[in-house]
Amino acid sequence: MSGGAAVLCGLGTWLPPHAVTNDDLARELDTSDEWIRSRTGIGVRHVADPATATSDLAVEAGRRALKSAGCEAVDAVLLATTTPDHPCPATAPLVADRLGLGTVAAFDVGAVCTGFLYALAAGAGLIAAGTASRVLVIGADMYSSILDPADRSTRAIFGDGAGAVVLRAGYADEPGVLTAPVLGSDGSGSELIIVRAGGSREPLHSLTRGQGDPYFRMQGQSVFRNAVERMAEASLTAARRAGWSAGEIDRLVAHQANLRILHAVADRMRLPRQRCPVHLDQVGNTAAASVPLALAHAVTSGCLEPGHRTVLTAFGGGLTWGACAVRWPAITPA
Ligand code: UT7
């Protein structure tokens, strides 16, 4: 292994089969199809059954990405997730084992909804360092396991799912090369998206004493504002690193959190809104799985084509954000 550029060469996705419509939610919570569609653009989300864990989703997406890449072996497995199977150990080694990938390097990446972008950057770094020549990068989340059943503002948004890509070592001028990813964080906003219990600050056993909050909490409006600013700024920087002006971006594949966020990011970048593929209407916000799921949907719907100057971007808890430019390669998602 001698290092080199990281080239996207496979893409796979998996959604749990059970779909929950806005009307289904309205039968349980004080909400409506009209509110959810007009405030978020979301129509349906997929929810895993309680016997499923994040590794199950990750294995399905990972297997499909390997098939799409036509490869059976990799040197590392990176899993971006906020909902690991257990607090300890990481879920990636289990996924690598279940995929039959042997004793390869495997670790989880925790950057909430930006996790896939962070994991892509880490995978590209392993390739540049010569540590790996092929890396499986998976984003998988099962937010149904951390949402408060009574919280209509988060239940309306989040869905479960997984998406994965294969990176291989290649040359800087190939289609599919990831151009120097842009990553950022601002821990002063760590309270805006948080699961309080289950870590060292509020250990799980605090729950058994009737203290602590085990559920995912989000301050929607502040997150909304930050998401728009950070994704627009990071995307413009990523495009600049690739040598493109903002207007030259053919597709901006952004974290699918809210249709109003996608539109606001496009407007801020002076990009026609049609250049931002939309997938959230069918899956909601799937956290770390959102970008690869949106990529696969954009390809299969004919919206994203080989040669397109594409920017991927995401924003999430931490706060964290990221963006990366790639001239889209000829990939058939599986
Ligand atoms: O993936 C990580 C990044 N996450 C995001 O980017 C999410 C960003 N935030 C958002 O997408 C939006 O802030 C939300 C969709 C979460 C909320 O939309 P909003 O337009 O910001 O609503 P709001 O939080 O200002 O709430 C307005 C009202 C409130 O009622 P009151 O207090 O005005 O009476 C909420 O209780 O809407 C209410 N509300 C709902 N009503 C019906 C919140 N959720 C719902 C709901 N159905 N599902």
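**View 1. The shell around the ligand holds ten nonpolar, eight polar and four charged residues.** Here Ala, Val, Leu, Ile, Met, Phe, Trp, Tyr, Cys and Pro count as nonpolar, Asp, Glu, Lys and Arg as charged, and the others, Gly among them, as polar. This is a predicted model, in which local features need pLDDT of at least 70 and side-chain atom pairs count only at pLDDT 80 or more, while totals for chains, interfaces and linings use all residues. Residues are numbered from 1 along each chain as its sequence is written, and side-chain values use heavy atoms, leaving out hydrogens and water. Of the 22 residues around the ligand (a heavy atom within 4 Å), Thr31, Arg39, Gln221, Asn258 and Asn285 come nearest.

**View 2. Helices contribute to the shell around the ligand.** At least two shell residues come from each of H2 (33-40), H6 (152-155), H8 (220-241) and H9 (259-268). H8 gives the most, four residues. Helices are DSSP runs (H or I, at least four residues), numbered from the N terminus.

View 3. A side-chain N or O atom of Gln221 is 2.5 Å from an oxygen atom of the ligand. For the side chain of Arg260, the distance from an N or O atom to a ligand oxygen atom is 3.3 Å. A ligand nitrogen atom lies 3.1 Å from a backbone N or O atom of Gly220.

**View 4. The ligand lies between two domains, because domain 1 (5-170) and domain 2 (178-327) both give residues to its shell.** The domain bounds come from an automatic or database domain assignment.

How values were computed:
Polar contact = N/O pair within 3.5 Å; in protein donor to acceptor, adjacent residues only side chain to side chain.
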